[in-house]
Amino acid sequence: MKIDINQLEQVNKNSLSGHKERYNFLAESLSKQGRDVVGIVEKISKFQVAIPSWALGAGGTRFGRFGFQGEPSNLEQKIDDVGILHRLTQTAGAISLHIPWDVPNDYGAIKELASSHDILFDAVNSNTFQDQAIAKHSYKYGSLSNTSKVSREQAIAHNIDVIKIGDKLGSKSLTVWLADGSNFPGQSNFQAALQNTENSLKEIYKGLPDDWKLFIEYKPYEPNFYSTVIQDWGTSFMLANACGDKAYTLVDLGHHLPNTNIEQIVSTLMLKGKLGGFHFNDSKYGDDDLTVGSVKPYALFLIFNALVYGMENNPQNPYPAWMIDASHNIKDPLEDLIQSLEAIQEAYAKALLIDQKELREAQSNHDVVKCQEILQDAYRTDVRPLLEKARLNAGGVLNPIAAYRALEIRKKLIQERGANSVASGL
Ligand code: LRH
Ligand code: MN
């Protein structure tokens with residue numbers, strides 16, 4: 001299904017005057033504070049987040065999965081769903097594929113379909129955490145770290161294949177996340193596992209085209225519950241440095257032990273020029289993959305403060321890749337993703353309100369109270385009129401959730417796809 005321009009104008013019509021009032025009021029007060037409102041709105045419009053192809057259906061846990069009707073059951077329908085998100089929000093301009101869950105049959109047709117929705121192909125993700133039916137060697141005891149040379153070689157070959165698939169689609173980066181680790185003390189030789197992983201990543205790195213990046217994603221636990229080879233940012237950073245200039249660390253917000261200071265990790269990685277990108281989500285306990293900003297919105301704001309500072313002061317760090325990585329156990333996947341996109345834009349917009357120069361001065365003067373006042377003044381500003389303006393300028397809608405419901409998109413998807421279509425992925 002496609003949403004046409006008239007439908008968008010229709011859903012915007014009734015809330016335009018309210019928006020103009022809110023926007024003008026906010027723009028005037030921010031301009032008085034010396035903020036470049038037009039510049040901030042432009043930055044928000046340019047901020048494009050990749051949608052994970054594995055999160056367009058209902059997710060689940062080992063305790064069960066509650067399906068959602070009208071799910072996309074093939075890659076074409078997944079791209080159409082990202083097209084719907086991008087049409088409404090104008091900030092979902094890319095899809096991140098997971099291989100082998102999303103191997104295209106017809107590359108030309110898939111690229112054409114994506115460009116008809118103004119969607120690009122962001123990072124491609126390899127999968128050496130599940131055994132494929134055709135696989136000769138198992139990843140039960142690991143992939144790139146496995147003591148078995150043939151399992152390592154199979155995993156390396158898979159990653160090289162994923163690069164080739166991405167290259168045909170115009171993707172420019174490979175994300176490697178390894179489940180590799182152990183469940184019991186004594187089960188694994190940590191040094192051998194890490195050395196095997198480093199050597200294997202270097203083999204994959206040799207297969208990277210010149211203009212590509214390698215993102216190394218870390219995670220403290222799950223599915224292994226005693227040790228994980230690439231357990232934290234330091235290990236990923238070390239491996240990225242061992243591989244070379246095209247290798248970076250990928251920060252999945254859910255991959256941190258409780259109370260970890262993620263904004264400090266972000267600052268450190270940007271200073272060292274090794275922050276490759278993000279998997280945005282939120283969590284209360286573990287890798288819960290909840291809606292972005294639904295549990296710890298202030299923490300997300302502080303991360304964006306570190307990002308904005310880094311993007312202004314660390315030319316050594318490339319422009320990061322922005323992706324969502326979430327799982328929808330009870331919500332409509334598209335509504336959940338719309339809420340995540342809104343929360344990301346909101347945190348970014350609030351961080352753009354921080355006068356970084358004023359903050360640096362207060363920090364140098366050890367005026368701790370003023371430092372906090374500067375941050376919280378920005379955080380307490382309702383920036384939603386700026387997000388509305390950015391969407392409107394780009395041809396999107398003022399209120400995506402309201403539009404999604406007013407246009408009865410889920411109902412139409414169920415009519416098109418039937419109630420029992422199931423999406424591949426997690
Ligand atoms: C691992 C992870 C990784 C993906 C997977 C779907 O927890 O975050 O990024 O490969 O989720
Ligand atoms: Mn992730």
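**Reading the labels**

Guide: Lysine 219 counts as buried, because its relative accessibility is 6%. Buried means under 20% relative accessible area, exposed means over 50%, and partly exposed lies in between, with a 1.4 Å probe and protein chains only. This is a predicted model, where local features need pLDDT of at least 70, side-chain atom pairs count only at pLDDT 80 or more, and totals for chains, interfaces and linings use all residues. Residues are numbered from 1 along each chain as its sequence is written, chains are lettered from A and ligands numbered from 1 in the order in which they are written, and side-chain values use heavy atoms, with hydrogens and water left out.

Visitor: What makes the pair lysine 219 and glutamate 222 a salt bridge?

Guide: The closest N and O atoms of lysine 219 and glutamate 222 are 2.7 Å apart. A salt bridge is a side-chain nitrogen of Lys or Arg within 4 Å of a carboxyl oxygen of Asp or Glu. So the pair qualifies. Salt bridges that share partners also join Lys219, Glu222 and Asp287 into one network.

Visitor: Why is glutamate 222 called partly exposed?

Guide: Its relative accessible area is 34%. That lies between 20% and 50%, so glutamate 222 is partly exposed.

Visitor: How many salt bridges are there?

Guide: The structure holds 21. One of them joins the side chains of lysine 172 and aspartate 211, at 2.7 Å from N to O. Lysine 172 lies in the loop between helix H6 (149–169) and strand E7 (173–177), and aspartate 211 in the loop between H7 and E9, so the pair ties together parts 39 residues apart in sequence. Helices (H or I, at least four residues) and strands (E, at least two) are DSSP runs, numbered from the N terminus.

Visitor: What are lysine 172 and aspartate 211 called, buried or exposed or partly exposed?

Guide: Lysine 172 has 39% relative accessible area, so it is partly exposed. Aspartate 211 has 46%, so it is partly exposed too.

Visitor: What separates lysine 202 and glutamate 198 in helix H7?

Guide: About one helical turn, because they are 4 residues apart. They form a salt bridge, with the closest N and O atoms 2.9 Å apart. Lysine 202 is at 31%, so it counts as partly exposed. Glutamate 198 is at 19%, so it is buried.

Visitor: What makes histidine 98 a polar contact of ligand 1?

Guide: A side-chain N or O atom of histidine 98 is 2.8 Å from an oxygen atom of ligand 1. A polar contact is a pair of N or O atoms within 3.5 Å; within protein, one must be able to donate a hydrogen and the other to accept it, and residues adjacent in sequence count only if both atoms are side-chain atoms. So histidine 98 qualifies.
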